[in-house]
Amino acid sequence: MKKIYDVFFADCDTEGGIYRYDMLEDGRLAIEEMKRLDLSIEDAAISADIARLEQVSARIFKEVKADPKKGKQIRKFMDYYLPTTLKLLNAYADLDSQPVQGETILASKREIEGTLDTLNLAYEKLKQQYTISMECCLD
């Protein structure tokens, strides 16, 4: 069974211009990075958060792929939300890989976990703001 994000980028082309292609490619790379980080983090709750971020991101990019005019609507998502998400996930993975999980590391991980919950809500709101249909390609 293919994951939702594997299907959306399978036939990306340059129709609609280089800008759209670059945006879709950046999105694909961000989702790939989320997948890579998900594999390196053993916590099931964090994995579920990451999976949800991947799914919502893929839906946003699917909408842009279908309607290139929506590309301009997602600049904040591209310029702020995705980089912030990847930075937090990388930090969590780094903390999680530390051999000694002292109180400072555990506190930092808890803070990131809370932020990921907030990001998931923000992603959902952005998806709705961009008028993305909830009926797209669910497995």
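Residues are numbered from 1 along each chain as its sequence is written. Because the model is predicted, local features need pLDDT of at least 70 and side-chain atom pairs pLDDT 80 or more, while totals for chains, interfaces and linings use all residues; side-chain values use heavy atoms, without hydrogens or water.

Colour first by pLDDT, the predictor's confidence in each residue from 0 to 100. The protein averages 81, and 78% of the residues score at least 70. Residues 1–18 lie below 50, with 35 contacts (heavy atoms within 4.5 Å) beyond near neighbours in sequence.

H5 has 27 residues and spans 39 Å from first to last C-alpha, close to the 39 Å expected at 1.5 Å a residue. Its buried residues (under 20% relative accessible area, 1.4 Å probe, protein chains only) include Ile105, Ile112, Leu116, Leu119 and Tyr123.

Among the residues meeting here are Leu53 and Val56 in H3, and Leu116 and Asn120 in H5.

Finally, show H4, residues 75–96, whose axis is 10 Å from that of H5 at about 155 degrees. H4 and H5 are therefore roughly antiparallel (over 145 degrees). The contact includes Tyr81 and Leu88 of H4, and Ile112 and Leu119 of H5.

Terms used:
Helix = DSSP H or I, 4+ residues; strand = E, 2+ residues; numbered from the N terminus. Expected span 1.5 Å × (residues − 1). Buried < 20%, exposed > 50% of the residue type's maximum accessible area, 1.4 Å probe, protein only. Axes fitted to C-alpha atoms, helices over the stretch in contact; angles between N-to-C directions. Parallel < 35°, antiparallel > 145°, perpendicular 65-115°, else oblique.
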